[in-house]
Amino acid sequence: MKFRHLPSVVAAVLVASLLYFLFHGRFERFNRYDRLEDSLRNWKPDPSRLIGTWCIAEQRGHAYLSDKLQTWRYEFPVAKSGNYYWTWTFTADGTCVDTPYKDEQVGKRHRYDWSLEGNRLILKDSDSEFVNGAVIELNDTLFVFFEDYGDGESWVHIYRRD
C-alpha cells in the first residue's frame with residue numbers, strides 16, 4: 001500500500017478546515033439568518049392564531065462583541081427582578097397591548113398596532129416601529145419569533161399562550 005499522496009491530501013484538508021473556521025465565524029450570522037429566511041420564505045402563518053394573550057417564557061440571543069460570540073438566555077419570570085415578565089394581547093382589530101408585571105403588580109401598558117405580513121410580525125406605536133421579526137413557529141400554545149438587529153445581534157423570543 002503506497003501513501004505518496006497522503007501528505008498532499010492531509011495538507012488540502014488542513015487548508016480547507018482553516019479557511020472554513022476563519023470565515024465561518026465571520027459570516028455565521030448571515031448564513032444562519034439566510035437559512036432561517038429560506039426555510040420560512042413560503043410559510044405564511046395564520047394571523048388568527050395570534051389573537052389572544054401570550055406570556056413571555058424565554059429569550060435567547062447572541063451578539064459579536066470584539067469579534068467574540070457572546071450568547072445569553074433568560075427564562076421568565078425573572079425572580080431576581082421581582083418575578084418580572086410581560087404579556088402581549090393581540091386583538092382581531094389589529095391592536096396589541098404589552099403588559100409588564102413585577103411582583104405581581106401590573107406596570108404601564110403600551111398599545112401597538114400589529115400586522116403579520118407573510119411571516120413578518122410588525123408592532124408599531126405612534127412614534128416608531130417597536131418589533132419587526134420573522135415568526136418561526138405559531139400554533140395554539142407556542143409563538144416564537146426571530147429578530148435580527150443587523151449589527152451582529154439577534155434574539156429568539158418564545159411565548160406561551162396565557
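Tutor: Start with the contacts of phenylalanine 90. Leaving aside residues up to four places away in sequence, phenylalanine 90 touches Leu50, Ile51, Gly52, Trp54, Thr95, Cys96, Trp114, Leu121, Leu123 and Phe143. Keep in mind that this is a predicted model.

Now place the residue. Phenylalanine 90 belongs to strand 3, which covers residues 85-90. Its relative accessible area is 1%, so phenylalanine 90 is buried, the cut-off being under 20%. Threonine 53 is 37 residues away from phenylalanine 90 in sequence. In space, the C-alpha atoms of phenylalanine 90 and threonine 53 are 6.4 Å apart.

Next, the rings. The structure holds 14 aromatic pairs. One of them joins tyrosine 74 and tryptophan 155. Their centres are 6.3 Å apart, with 20° between the planes, and the pair is stacked. Tyrosine 74 sits in strand 2 (residues 68-75), and tryptophan 155 sits in strand 10 (residues 154-161). The pair therefore ties together parts that are 81 residues apart in sequence. Tyrosine 74 is partly exposed, at a relative accessible area of 40%. Tryptophan 155 is buried, at 13%.

Back to phenylalanine 90, this time with phenylalanine 143. The ring centres of phenylalanine 90 and phenylalanine 143 lie 6.1 Å apart. Their planes stand at 90°, so this pair is edge-to-face. Phenylalanine 90 is in strand 3, whereas phenylalanine 143 is in strand 9 (residues 142-148). Here the pair ties together parts that are 53 residues apart in sequence. Both partners, phenylalanine 90 and phenylalanine 143, are buried. Phenylalanine 143 is also in the contact list of phenylalanine 90 given above.

Last, the cysteines. Cysteine 96 has 0% relative accessibility and counts as buried. Cysteine 55 counts as buried too, at 17%. A disulfide is a covalent bond between the sulfur atoms of two cysteines. The structure holds zero disulfides.

Note on methods
Residues are numbered from 1 along each chain as its sequence is written. This is a predicted model: local features need pLDDT of at least 70, side-chain atom pairs count only at pLDDT 80 or more; totals for chains, interfaces and linings use all residues. Side-chain values use heavy atoms; hydrogens and water are left out. Helices (H or I, at least four residues) and strands (E, at least two) are DSSP runs, numbered from the N terminus. Buried means under 20% relative accessible area, exposed over 50%, partly exposed in between (1.4 Å probe, protein chains only). Contact means heavy atoms within 4.5 Å. Rings of Phe, Tyr and Trp (its six-membered ring) pair if their centres lie within 6.5 Å; planes under 30 degrees apart count as stacked, over 60 as edge-to-face and the rest as tilted. A disulfide is a pair of cysteine sulfur atoms within 2.5 Å.
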